[in-house]
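Dear colleague,

Please find below the sequence and structure that I am handing over to you.

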Amino acid sequence: MAPYWDKYFGNAGALYALGRQSFQAVETARKEIALGFNCQPDTIVFTSGGTEGDNLALIGVARALKAKGKHIISTQIEHHAVLHALDTLKAEGFEVTLLPVNSEGLVSLGEFKKALRKDTILVSVMYANNEMGAIQPIADIGRQILKWRRENNTLYPYFHTDACQAAGYLDLDVEKLHVDTMVINGSKIYGPKGVGAMYIRRGTPLVPMIYGGAQEKGKRAGTENVPGIVGLAKAYQSVQKHSTKESIRLIKLSEYFLNALNKTISKIQLNGPAIGMNRLPNNLNISFMDVEGEAMVLYLDEFGIMCSTGSACTSTSLEPSHVLRAMGMPYEYAHGSLRFTFGQTTTKSQLDYVVKHLPNIIALLREMSPVNTGIVKHASYKK
Ligand SMILES: *Cc1c(COP(=O)(O)O)cnc(C)c1O
């Protein structure tokens, strides 16, 4: 990314040589992403991240089709970038069905088929969930949509998937997934924050949300973030190259970590699919009964251990995560959830360090819990 901040700082839309260099860098990045998605480079649009991509995929396609139908299908466990975009569409008169999930956080194909209607114009199902790692059956849903279109002799519904969490570990081949739009972002794959890429299948109707210049084939106006785009493509290439090896390594670490916690802490449960099943290899979401997630996060932070509770984006709200609630989890467990996200730098000795401190923290918090004492005392377990 570095040369594109100073040496090659030209506007990718300019005609002079410096601009053309930036243009070349953007087009190379576009080709690199397209190679990973198994699509043509001209179907890739760069955005400011996952949120913008999800907004454009949903609002852009729904608004383009509002004369054709009013019904949209999505799921209860989507990221807020999808759920809140759907709220906006509801206010514009669209009808939204949010599919439930089972206790593992998985959408059922049967429920999906039942929800399909003649006026369904759009379906949006995330590839993998950010809170508890459940990998959804995107290709199966995609095939079901193709079948529906054939049987009903229609072009609808279009199919969007939010693949932000999947990009580091799963196959993003849009032909295998049968998606019409797909979104990834830099920040989930060791890339720069504030940049994303979006696939838009040729022929997919879409009205832009940002108006201005003719950049990105008129689908997304504004001067391109050249260093961000270059960094995003490099990050994507890098994670995809290492995804198989890294998955195996992280699954082993997850099993080791969960076993160790199970031996030292009572009343805990893994949320979401079993390790190694339909679950992202880098995600462990664990509930600790009778403990507040926020308290655990603050305690662990004192020890330099960084994890989250609920979803990171809602850590300032007191409601338990909408994802855990959708899985039917009782409040006592939903409130005491921790999300450990592993990555390239995670080692066994780091996990041993967590296993050394977490049981003490849990014991202390359980002792102080109103369930046990009726009062909340000041905590005292220190490093
Ligand atoms: C992080 C994330 C987003 C939002 O992406 P930004 O780049 O922060 O806008 C959307 N969906 C999922 C599943 C995510 O994990």
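Which polar backbone atom lies 2.9 Å from an oxygen atom of the ligand? The backbone atom belongs to G50; a polar contact here is a pair of N or O atoms within 3.5 Å, and within protein one must be able to donate a hydrogen and the other to accept it, with residues adjacent in sequence counting only if both atoms are side-chain atoms.

Please note that this is a predicted model, in which local features need pLDDT of at least 70 and side-chain atom pairs count only at pLDDT 80 or more, while totals for chains, interfaces and linings use all residues. Residues are numbered from 1 along each chain as its sequence is written, and side-chain values use heavy atoms, with hydrogens and water left out.

An N or O atom in the side chain of D162 is 2.6 Å from a nitrogen atom of the ligand. An oxygen atom of the ligand lies 2.8 Å from a polar side-chain atom of N185. The protein buries 85% of the 380 Å² that the ligand exposes when taken alone (accessible areas by the Shrake-Rupley method with a 1.4 Å probe). The residues around the ligand (a heavy atom within 4 Å) include T51, D54, H79 and K188. Helix α2 (residues 50-64) supplies the largest share of this shell, three residues (helices are DSSP runs of H or I with at least four residues, strands runs of E with at least two, numbered from the N terminus).

The largest pocket

A pocket is an open set of points on a 1 Å grid over the protein atoms alone, where a 1.4 Å probe fits, with protein on both sides within 12 Å along at least five of seven lines; lining residues have an atom within 4 Å of a point. The largest pocket is lined by 23 residues, with S187, K188, N282, T341 and F342 nearest its centre. Elements giving two or more residues to this lining are α7 (226-264) and β10 (337-341).

Backbone features

Y156 and P157 are joined by a cis peptide bond, with omega about -5°. P157 sits in the loop between α5 (138-152) and β5 (158-162). K267, which is not a glycine, has a positive phi of about 50°. K267 is in the loop between α7 and β8 (268-271).

Yours sincerely
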